[in-house]
Structures are given as C-alpha cells and as structure tokens.
Amino acid sequence: MKETSKDIRIRNRMMPGAITLNGFIGKDKRSIADIIAADENTLQTLQKTPEEIADRMQYFTDASFSTFAGNITLDDIYDVETEVTRGKLSCPYAHGGQFRKSVTKLTNTSNNVTVTWTALNIHLIKDHHFFEGKGSTYRTEPENLVKALF
Amino acid sequence: MFITILKDVALLSAIGVTLAIIMVLAQRWLSNYGDCTIDINGKREITVVGGNSLLSSLADKQIFLPSACGGRGTCAACKCKVESGGGPILPTEKPVLSAAELAAGDIRLACQVKVKSAIKIEIPSSIFNIRRFNAVVSEIIDYTYDTKGISFKLSEGEKIDFQAGQYVQLDSQPYKGVKQKVSRAYSISSKPEISDSLQLIIRYVPEGICTTWVHQCLKVGDKITLTGPYGDFLIKDTDADMIFVAGGSGKAPIKAMLEHLAVAGCTRKMTYFFGAKSTKDLYLTEEMHSFENVFPDFKYEPVLSHPDATDNWTGKTGYIMPYFKDAIRDPKNTEAYLCGSPGMISAVSKSLMEYGLAKDKIYYDSFG
C-alpha cells in the first residue's frame, strides 16, 4: 500500500531517536497501514477488537499503578507490575496526546504467558490499532496479548 | 515541430523561474517582521527579530521557559500568559490546553506562538533566574545497577543560584542513531551552598533518549549544557516536624534538602523513609544514616517491599505507610515532602491524611 505524505510524517516520528531511542517500527519493512491491517486480521480470527484489548490493558495498568509499589495480583492469576519514570511521551500520530512513561509487565500464571506494554502502547492500540512493527522494543503479538489478558 | 516544443519548454521554464523569484522575494519582504518588542510582566521590554517562536525569542535573550519537547508543542511545559499580540490559538495548541485555558484564551504555548508584532506576556518572576549553563562532567558514580550520580563543574566564573528541591534541564547531544538533542528534567542532588557545580542522580530509563545518552555515552571531561533552576518543590521555613518519602531517583531532591538543612543547623524532627524493592535498589545508605549524627532528631528508614532471600535484610519490610505511626507525634504540626512515582505519591498522601496531616502540608514532586 502506497504511503501518503501524512503517513510518511508519522513514520518519521516512529523512527529511532525521534520519540524513543529505538522507535516503533523495529525491523518491519511494511507500511504502517499494512502492519495495522495484518494485526486487525489476526484480531478478527481471535474474535477480539483493538478496543477490547486496550481496555483490558488499561484496567491492569490502572490497578497496579494505583498501588504504592506498583505491583498487584488480580483474580489470583494476574501478576501485574507497573513502573513509572519521570516525564511524558507524545504520540507519533502528533495529535497532541501526552502519555506517562510507564511500563506494565503482566504474567498470567494460569498459562505462564508474560506480556509487557507502555502507556503509549495502550493508546496506539486503542486509537490507532497499531501494535508496533515486528522487532520493535514494545511490540507484543496480538495472539500473546489475548492469551495473557483474557 | 521540434522547435515549437523547445520554445514551449523554455517558456514554461521561464515562467517557473519567475514565479520562484517572486516567491523568494515575497518570503523575504512579506515575512520580514523586523524588530518586535516583547513586554514582560509590564516591567521589562526586550527587542527581538520577528518571525521566530516566543520560546526561542525569549531564550535568545537568556529567558528560559521550561521546555522538554524541543519546541514541538507536545510537552506543554512552556505555557505562559500572552495578553496581546499572540494571534489566535493554533490547532497545535488546543490538544494540550485545558477547557478553562481555552476559554480564557490567553494561556498559550510559547513554542507555538510566533512573534510577528509587539507582544505582551506574563511569566513568573522566578523565570528570570533561569539561565543556560556550560559545564563539564567532573565525576560519575555508579550508585546501583541502573542509577548514576553525575557531577558537573560549571564553566569558569559561572554560578547557579538555586534552592534545595529544584531541578535543571539537561541537554543531550546527538549520538549513535539519535540525530536530535533533547532536554530532560533532573532534580539537583547537591546542596545549594555549592554554586559552582552540581550533582544529578539519573536512573536509566529503557528506551529513554536522554538517560541512554547519560548512561552509555557521557564520560568525565565531556562538555554539556543545562538550563535552570526550575521548580517549586521547596522546604517550607517553619518549625514543623518533617517526613520525607522517596523512591528510586526521588532521593535526589531529598538529599539536597538534607545537605542544605545540615548547613542551616536545622533542629526540626525529621524522618526519612526510602522505599525500594530489594537491597540492590538501595544507595547512599551510609550517607543518609550519617545525618543521624548531624541532626539532633533525624532517622533514616529504608524499607524494602520485596527483599531477596539472599539479601539477609533485617530492616523494615513491606510498604512504608504503616511505619508513619511511629514518626508522627503531632499531625497538625507535621509536613511531608514526597518524591517518586505518582502511585507512591498517591498512596502515601492518602495514608498521611488518614494519620491527620493536612493536605496542604503534603508537598511533592511527582514523576508522572
């Protein structure tokens, strides 16, 4: 799929060193639209929507974020830990959104699947359906997210 | 036929060149705003070359508003009141302005407002104390596996006038694949009585552009720039008992405060709780305990939430909050100073208020 000039500007903001050290694309050579379309197809087969996934991620992040040490066990099987560092990150789609620099790590002890995401990941998935490119630091495969979160 | 095509190409080229010349001239003459004045707080007037952002125009005159995004309109740290001459609020500003600020119409992002004519602004007077400093890295100490203490010696003759609890913005340099500079805020961890140098405590942030530069590239002797001081997380001049709570690099401003209070000969009752997961996250422990011999009534209490079995830790464990009971003798005459994650600040504030501390006596510097 051919990228528009707007897509190229967004892609540039996703490159290493623009917003984060290693960026959001990883080694993925596909266009952003193709990455999104492929993940949306995967989610269809898993019968989940990006919104459902993001809402679940937000639930776990909020629950652990509000504790003193940032960790909590929920429903006996979800070990969740959120670490916050100083500052905020802007969304590469450049609509003015600002997101806390936080990393949430969740382990589903019933199936031993562990996934990690940032506050910005939740927004990118919910509002842009973007799970990041293959090989990027914070991409999590939709299959793994569904296994861990539900 | 061929000559006709050549003529047409020549004609089109001539038209193109003429239009380009007209556009360059128009750019030069129509976008030339000349010298513009900026009236600051009705007390000071500066003259700048028009056409640049308010943020950079002020910076050119050594007036530094906070900014963490390099003028891209995303951090909103450079908000200021523009009373006149700022033009309409731009679409790039709207997402980061609150409903009240949008309604007021005069709170703007200095990085987005272009100075095109006389402009009148209002900024806190403390901004005038903020300066850009050149410095050299004089010492790097590995405090833990992910936290370093970095000392900077300011250029010959330069002095920074700050208060304990304030922060500076350190400018990173391009490195490896990172082409741009970024500025990030770090609390000063040294005492304000030393004005020709300062120390920062910087914890490595995975994927962080500035902390990766600090941890992987910065070495003793390197030249850097920073601006400051910023912030209003300051010790109140009262006789109230004090509780300090910090985690991670939140130790930095508390260290500066304690070192300053030691110089001032403070006699207030003080208890300092430092929260960490395990012993590998503890640092400056002996230095903090040494304040017990400096102040008449001071106690340093590191508390580990998840000590490793191999830690052989015999100190306090779990959350910090239950230990407040022994530290508070009169909640009406106790102040708290907190620095750490928003979750920690929220949980600790809630607990302190349950012990009877007034909300307005709980001061904090939140990471979030």
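1. Two residues are taken to be in contact if their C-beta atoms, placed from the backbone, lie within 7 Å. On that basis, among the contacts in chain A between residues at least 6 apart in sequence, 55% join residues at least 24 apart. The model is a predicted one, and the remarks that follow should be read accordingly.

2. Chain A contains five helices and four strands, and along the sequence these follow the pattern α-α-α-β-β-β-β-α-α. The radius of gyration of chain A is 15 Å, close to the 15 Å that the globule rule gives for 150 residues, so chain A is as compact as a globular protein of that length. Taken along the principal axes, its C-alpha atoms fill a box of roughly 45 × 40 × 25 Å, and 39% of the 150 residues of chain A count as buried.

3. Where the chains meet, 24 residues of chain A are in contact with 29 residues of chain B. On the side of chain B that touches chain A, strand S9 (183–187), helix H4 (209–216) and helix H8 each supply at least two residues, and the largest share, five residues, comes from H8(B).

4. Within H8(B), the buried residues include B:Gly343, B:Met344, B:Ile345, B:Ala347, B:Val348 and B:Leu352. After H8(B) comes B:Gly356, whose phi is positive, near 110°.

5. Chain B also holds an open sheet of six strands with parallel pairing, in the order S15-S14-S13-S12-S16-S17. Its edge strands are S15 (316–317) and S17 (362–366) of chain B, each of which pairs on one side only. Strand S16 of chain B, residues 334–340, pairs with S17(B) in the parallel sense over five bridges, and B:Cys339 stands opposite B:Asp365 in S17(B).

6. Which strands does helix H5 of chain B lie across? Helix H5, residues 251–264, lies across S12 (241–247), S13 (270–276), S16 and S17 of chain B, and runs at about 140° to S16(B).

Methods:
Residues numbered from 1 in each chain as written. Chains lettered and ligands numbered in written order. Predicted model: local features only at pLDDT ≥ 70, side-chain atom pairs only at ≥ 80, totals over all residues. Buried ≥ 20, exposed ≤ 12 C-beta atoms within 10 Å, placed from the backbone. Rg over C-alpha atoms; globule rule 2.2 N^0.38 Å. Pairing = 2+ DSSP bridges. Axes fitted to C-alpha atoms, helices over the stretch in contact; angles between N-to-C directions.
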